[in-house]
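Q: I've got this model open on my screen and would like a close look at one part of it. Could you walk me through that part and then through what sits around it?

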Amino acid sequence: MSIRLSPAVESLVKALGKLPGYGPRSAQRAAFHLLQNRDESLDELAAAVERVRRGVGRCRLCNTFTEGDICPVCLDEERDPGLLCVVESTADQMALDASLAWPGYYFVLSGRLSPVNGIGPADIGMPLLLKRVGAGVEEGVLREVVVAMSYTPEGDATAYYLIDALKKRWPQLRVTRLARGLPAGIEIEYTDLSTIANAVYARRDA
């Protein structure tokens, strides 16, 4: 006869198991750790989750996570307004910015296209991206959009869709993609900073 977890613990394990990188065993270990250190770890985690739930939203300009209406990156006037880098996630944005190779601004998609899972252009923030690009072109400021998708099947499909949409609407706009120096099948957020920097510097016209 196997031991069954209580409903409360089972629900905690199930919730943790939905996080990236957590399987059933790792989720169970994390749950037991929280329970064994409940006075410190569990209360701290609960408070942090509640703070994020109440106070973190999306930047109205670039769609990244922020606690204000506009994120600190979009408020940074030292960045080049003629350059816009489109990334899949805030994690990718942070990895690219940590490489110190990108002097412009960002737009953060809400993931990648996945028709099999019912994820279409509107679900990843395409309307907001097109609005941002359109405003930049109309103001005569935006010179280049870099499509910084990971070289994975879904990343490639998303990149091709974005490139086609941008070129059809604004044929005069330079649209580029990160160089193939990025390993195929590897997410940008897990790539070392020097490789990311080289991919930015060697970006090519799409």
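Which residues does UniProt list for the "zinc finger region: C4-type"?

A: UniProt, in an unreviewed entry, puts that region at residues 59-74. The positions are in the numbering used here, the feature name is shortened, and such an annotation may be inferred rather than shown by experiment.

A quick word on the ground rules. This is a predicted model, with residues numbered from 1 along each chain as its sequence is written, and local features need pLDDT of at least 70. Side-chain atom pairs count only at pLDDT 80 or more, while totals for chains, interfaces and linings use all residues; side-chain values use heavy atoms, with hydrogens and water left out.

Asn63 has a phi near 75°, which is positive even though the residue isn't a glycine. Most residues other than glycine have a negative phi. Asn63 is also buried, at 9% relative accessible area; buried means under 20%, exposed over 50% and partly exposed in between, with a 1.4 Å probe and protein chains only.

Next, follow β2 (65-66) out to helix α4. The buried residues of α4 (residues 90-98) are Thr90, Asp92, Gln93, Ala95 and Leu96. They pack against β2, and also against β3 (80-87), β4 (104-108), β5 (144-148) and α7 (193-201); contact means heavy atoms within 4.5 Å. Just after α4 comes Leu100, with a positive phi of about 60°. Leu100 lies in the loop between α4 and β4 and, at 74% relative accessibility, counts as exposed.

Three of those strands belong to an open sheet of 5 strands, ordered β4-β3-β5-β6-β7 with mixed pairing. Strands pair if DSSP finds at least two bridges between them. β4 and β7 (204-205) are the edge strands with a single partner each, so one side of each has no neighbour in the sheet. β3 and β4 run parallel over 5 bridges, and Leu84 stands opposite Tyr105 in β4. Helix α6 (residues 153-169) packs on this sheet, touching β3, β5 and β6 (174-177).

Now the wider view. The domain assignment gives domain 1 (5-54) and domain 2 (78-175), with bounds from an automatic or database assignment. Their centres, taken over C-alpha atoms, are 34 Å apart. Over at α2 (residues 24-36) and α3 (residues 38-55), the axes come within 6 Å and cross at roughly 115°. The axes are lines fitted to C-alpha atoms over the stretch in contact, with angles from 0 to 180 degrees between N-to-C directions. His33, Leu34, Leu35 and Gln36 of α2 meet Arg38, Ser41, Leu42 and Leu45 of α3.

Overall, the protein has 7 helices and 7 strands, and 41% of its 206 residues count as buried.

Terms used:
Helices (H or I, at least four residues) and strands (E, at least two) are DSSP runs, numbered from the N terminus.
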